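Biologist: I would like to learn how to read side-chain features in a model. Could you take me through some, step by step?

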Amino acid sequence: EVMPDQLRITLVQLTELILTNNLLQFNNRTYKQVQGTAMGTNLAPPVANIFVFMATRTFFNQHGCIAFRFIDDIVGLIPLSVEAIKTWWTSELQNVHPNLRFTVDTSPTHAVFLDLVVSKRPDFENSGHFQTKLYQKTLNAYLYIPFLSYHPLHQKKGWITGELKRY
C-alpha cells in the first residue's frame with residue numbers, strides 16, 4: 001500500500017528536524033553540528049544505511065557488480081582483474097560522494113566480510129561452491145560488556161550463547 005502524501009510529508013519533515021538540529025555541549029559552550037548526524041541518534045543508522053545504499057547502488061549496477069552490504073561493510077563479485085579492480089576502486093568509487101571513503105582488499109580466491117573469510121572451495125571450478133571460516137580483525141581487543149553492567153540479563157545471556165555458537 002502506498003503511503004498517504006500527508007504522512008510522507010510529515011515523516012520527511014520530522015527526519016529533517018532530527019538531522020538538522022544536532023546540538024552538543026562542550027566546556028559549557030553549545031555547538032550545532034552542521035555536517036552528518038549525531039552518533040547515538042536513533043535515526044542515524046537507518047539514514048546512514050540509506051545514504052550509502054543510494055550513493056553506491058548506481059555505481060555498482062553500472063559496472064556489473066554483485067555487491068552485498070551490511071551497514072558499512074561491502075563485499076562484491078566484480079568481473080575484472082585484481083589490478084583493474086584496484087584502479088577502478090580508487091579512481092571511481094572514491095568519487096561517489098565527497099564524504100565517503102572506501103578501502104579495498106582484493107583477492108581472486110577469498111574475501112573478508114564482517115567476521116567471515118569467504119573463499120573458493122578447492123573444487124570451486126566444478127561446483128561453484130564457497131567455504132567460510134571465522135575471521136578475527138587484527139585490532140580486535142576482545143573488550144566485552146562487563147557482566148555487572150546495566151544491560152538486561154537476556155542480552156548478556158544472548159551474547160554468551162552467540163559467542164559459543166560462533167566458535
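Modeller: Let us go through helices, aromatic rings, a surface patch and salt bridges in turn. This is a predicted model, where local features need pLDDT of at least 70 and side-chain atom pairs count only at pLDDT 80 or more, while totals for chains, interfaces and linings use all residues. Residues are numbered from 1 along each chain as its sequence is written, and side-chain values use heavy atoms, with hydrogens and water left out.

Biologist: Which residues are buried in helix H3?

Modeller: First, the terms. Buried means under 20% relative accessible area, exposed means over 50%, and partly exposed is in between (1.4 Å probe, protein chains only). Helices (H or I, at least four residues) and strands (E, at least two) are DSSP runs, numbered from the N terminus. In H3, which spans residues 82-91, the buried residues are Ile85, Trp88 and Trp89. They lie on the same side of H3, because they cover an arc of only 100° around the axis; the arc is that of the directions from the helix axis to the C-beta atoms. The exposed residues Glu83 and Thr87 are carried by the face turned away from the buried side of H3.

Biologist: How many aromatic pairs does the structure hold?

Modeller: Rings of Phe, Tyr and Trp (its six-membered ring) pair if their centres lie within 6.5 Å; planes under 30 degrees apart count as stacked, over 60 as edge-to-face and the rest as tilted. Here there are two aromatic pairs. Phe124 and Phe130 have ring centres 5.1 Å apart and planes at 55°, so this pair is tilted. Phe124 counts as buried at 18% relative accessibility, whereas Phe130, at 42%, counts as partly exposed. The pair of Tyr144 and Trp159 is tilted too, because its planes are at 50°, with the ring centres 4.8 Å apart.

Biologist: Where do Tyr144 and Trp159 lie?

Modeller: Tyr144 is in the loop between strand S7 (130-134) and helix H5 (153-166), and Trp159 is in H5, so the pair ties together parts that are 15 residues apart in sequence. Tyr144 is partly exposed at 40%, and Trp159 counts as partly exposed at 40%.

Biologist: What sits over the ring of Phe147?

Modeller: A charge sits over a ring if NZ of Lys or CZ of Arg is within 6 Å of the ring centre and within 35 degrees of the ring normal. For Phe147, this is the charged end of Lys156, 4.9 Å from the ring centre.

Biologist: Which residues make the nonpolar surface patch?

Modeller: Patches are made of residues with over 30% relative accessible area and no salt bridge; like charges are joined within 9 Å, and nonpolar side chains (Val, Leu, Ile, Met, Phe, Trp, Tyr) within 5 Å. Accessible areas come from the Shrake-Rupley method with a 1.4 Å probe, and for residues, only the protein chains shown count as cover. This patch, of about 1000 Å², includes Leu116, Tyr144, Phe147 and Trp159. H5 gives its largest share, four residues.

Biologist: And how many salt bridges are there?

Modeller: Side chains of opposite charge can pair when their charged atoms come close. A salt bridge is a side-chain nitrogen of Lys or Arg within 4 Å of a carboxyl oxygen of Asp or Glu. The structure holds two. One joins Arg8 and Asp5 (3.8 Å, N to O), which both lie in helix H1 (residues 5-20), three residues apart, about one turn of the helix. The other joins Arg121 and Asp123 (3.1 Å, N to O).
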